[in-house]
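Please look over the sequence and the model below before reading on. The paragraphs that follow lead through helices, pockets, a ring pair and a few details of the backbone.

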Amino acid sequence: MVTRRSFLLSSVLAAAQPKKRPLNVLFIATDDMNNALGCYGHPVVKTPNLDRLAARGIRFDRAYTQYALCSPSRTSLMTGLAPDTTRVYDLQKHFRSQLPDVVTMTQAFQKNGYFTARVGKIYHYGNPGQIGTDGLDDRPSWNHVVNPKGVDKTEEEPRVTNHTPERKGLGSAIAFYASPAPDEKHTDGIVAAETIKLLEQNKDKPFFLAAGFYRPHCPYIAPKKYFDLYPPEELEPIPLAEGEMEIAPPWAYFTKPANWNMSRRQIQEALQAYYASISFVDANVGKLLDTLDRLGLTQNTIVVFWSDHGYGVGEHGQWMKQTLFEAASRVPLIFALPNAKTKGKACPRTVELLDLYPTLTGLCGLTGVPSNLHGRSLQPLLSNPTAKWDHAAVSQVGRRAGNTLMGYSIRTERYRYTEWQDGQEGTELYDYQTDPNEKTNLAKSPAHAKVRAELQKMLQNTTKMRGKAAETTQKTPH
């Protein structure tokens with residue numbers, strides 16, 4: 001029997017218990033980074049800090065972007081809605097022109113009492129042209145923003161892209177510069193420093209801090225010491241077989257001619273610069289991880305590392321993004337949770353960047369989260385990386401002026417099926433179990449007709465569902 005005295009005593013004891021602090025989020029983005037990281041098994045690229053993060057978190061081996069282009073991808077991730085809902089397919093349109101009342105991921109955190117801040121590139125802005133500006137940022141998403149601008153923008157980028165004798169590379173896309181300036185003078189060095197300041201200033205309140213790095217996006221500018229890690233003569237270009245750019249429909253290819261007709265030496269120097277830029281980002285990530293440890297925040301902060309899309313460096317003769325091949329569609333994704341029991345594990349399940357919004361709001365116990373998000377929470381996989389999971393990933397990319405021809409691709413753990421303009425312009429089917437480098441298009445193989453039909457149905461059902469949402473307004477449950 002509960003007496004009045006025992007009831008009062010239990011109430012006093014409950015009130016005396018320290019209130020559990022909400023989990024913080026350190027949201028680390030990178031621009032145009034593929035999976036050439038040590039923790040993903042790359043034999044050359046040195047990324048000790050991202051490897052350290054993966055060792056205390058979960059590495060997703062099959063994570064995919066919604067659209068292999070900066071603004072469509074970032075808009076989708078931050079709104080939790082697919083590109084056919086946001087209608088953002090290019091680098092000019094802002095999502096609020098289509099969805100003025102959408103509740104972004106960080107707005108959901110704001111509504112739950114979090115301080116939200118951005119340093120650098122989270123939403124799109126032109127890199128390098130708009131560095132130091134707001135670009136296509138969404139100010140309602142943040143309580144505080146910082147737009148850094150370093151020596152790579154103010155002094156070095158013009159040398160690289162203005163075709164001076166100092167310029168190295170091929171065009172603005174494959175342009176690079178081994179800078180004599182120290183890390184902290186570069187834009188990404190400033191991103192790290194300003195994020196550290198915000199961590200120090202807000203360590204006693206619940207926060208969502210987003211650090212948006214600019215490298216390895218071209219031009220590949222990084223301090224020379226990172227270039228020195230990768231002697232170009234030791235880097236082996238990805239082989240290109242004769243006829244390889246005829247495996248898929250012509251719309252599948254972005255880089256024409258193959259490798260932009262670069263010589264072997266040019267390719268090696270481009271790889272050196274791209275890898276150097278990755279290692280530079282890695283060094284800055286290390287500074288953020290060290291700060292979490294120093295401030296005692298590691299055990300109360302979720303750390304997420306992601307790239308907006310992948311990046312081709314010669315696969316099928318393709319460079320950069322804007323394809324539906326694995327190199328451009330696949331992204332690095334690492335989650336590190338406080339006191340994780342599954343730390344250091346790899347998750348083989350197929351996930352999407354759309355999944356970040358429901359995952360983070362769920363992990364932090366937020367209320368009032370929009371009910372029509374397109375992604376699925378990754379919480380079951382964070383608890384058990386090999387848990388049963390039957391969700392595929394859908395990516396798309398536009399062709400022709402105005403993106404009037406759209407390619408859609410669905411990726412399961414074993415297969416990728418791609419169709420261009422509802423299948424009328426050609427289809428692709430790859431079996432990664434037997435063909436990890438996408439050398440054989442099985443779309444017309446009679447032996448794979450059943451698999452093709454199943455994947456086509458899955459793809460069409462998903463795109464239909466996500467496209468229909470464009471006709472509605474995102475709503476928050478009451």
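Predicted model: local features only at pLDDT ≥ 70, side-chain atom pairs only at ≥ 80, totals over all residues.

Asn-127 and Pro-128 are joined by a cis peptide bond whose omega is about 15 degrees, and Pro-128 sits in the loop that runs between strand S3 (115–120) and strand S4 (144–146). A cis bond also leads from Cys-218 to Pro-219, here with omega near -5 degrees, and the place of Pro-219 is the loop between strand S7 (207–216) and strand S8 (220–223).

How do helix H7 and H9 lie relative to each other, parallel or antiparallel? Helix H7, residues 187–201, packs against H9 at an angle of about 10 degrees, with the two axes 9 Å apart; angles under 35 degrees count as roughly parallel, and H7 and H9 are therefore roughly parallel to each other. On the H7 side the residues that meet H9 include Ala-192, Ile-196 and Leu-199, while those on the H9 side include Phe-280, Val-281 and Leu-288. Sorted by class, the residues of this contact divide into 7 nonpolar, 4 polar and 4 charged.

Helix H2, residues 48–55, meets H9 in another way, since the two axes come within 7 Å and cross at roughly 45 degrees, and H2 and H9 are therefore oblique to each other. Pro-48, Asn-49, Leu-50, Arg-52 and Leu-53 make the contact from H2, and among their partners in H9 are Ala-283, Val-285, Gly-286 and Leu-289. This contact of H2 with H9 has 6 nonpolar, 2 polar and 4 charged residues.

H9 also takes part in a pairing of rings. The count of aromatic pairs in the model comes to 17, and one of them is formed by Tyr-274 and Tyr-311, which are stacked with 4.8 Å from centre to centre and 10 degrees between the planes. This pair links distant parts of the chain, with Tyr-274 in helix H9 and Tyr-311, 37 residues apart from it, in the loop between strand S9 (301–307) and strand S10 (312–313).

The largest pocket holds about 970 Å³ of space, and of the 37 residues that line it, Glu-315, Glu-326, Ala-327, Arg-330 and Asn-437 are the closest to its centre. By class, the lining of the largest pocket is made up of 16 nonpolar, 7 polar and 14 charged residues.

The second largest pocket has a volume of about 260 Å³. It is lined by 13 residues, of which Arg-21, Pro-22, Leu-23, Leu-363 and Cys-364 are the closest to its centre, and the classes in its lining are 7 nonpolar, 4 polar and 2 charged.

Terms used
Residues numbered from 1 in each chain as written. Heavy atoms only, no water. 1 Å grid on protein atoms, 1.4 Å probe; cavity = no way out; pocket = protein on both sides within 12 Å on 5 of 7 lines; lining within 4 Å. Points joined across faces, edges and corners; volume = space filled by probe spheres on them. Nonpolar A, V, L, I, M, F, W, Y, C, P; charged D, E, K, R; others polar. Axes fitted to C-alpha atoms, helices over the stretch in contact; angles between N-to-C directions. Helix = DSSP H or I, 4+ residues; strand = E, 2+ residues; numbered from the N terminus. Parallel < 35°, antiparallel > 145°, perpendicular 65-115°, else oblique. Contact = heavy atoms within 4.5 Å. Phe/Tyr/Trp six-rings, centres within 6.5 Å; stacked < 30°, edge-to-face > 60°.
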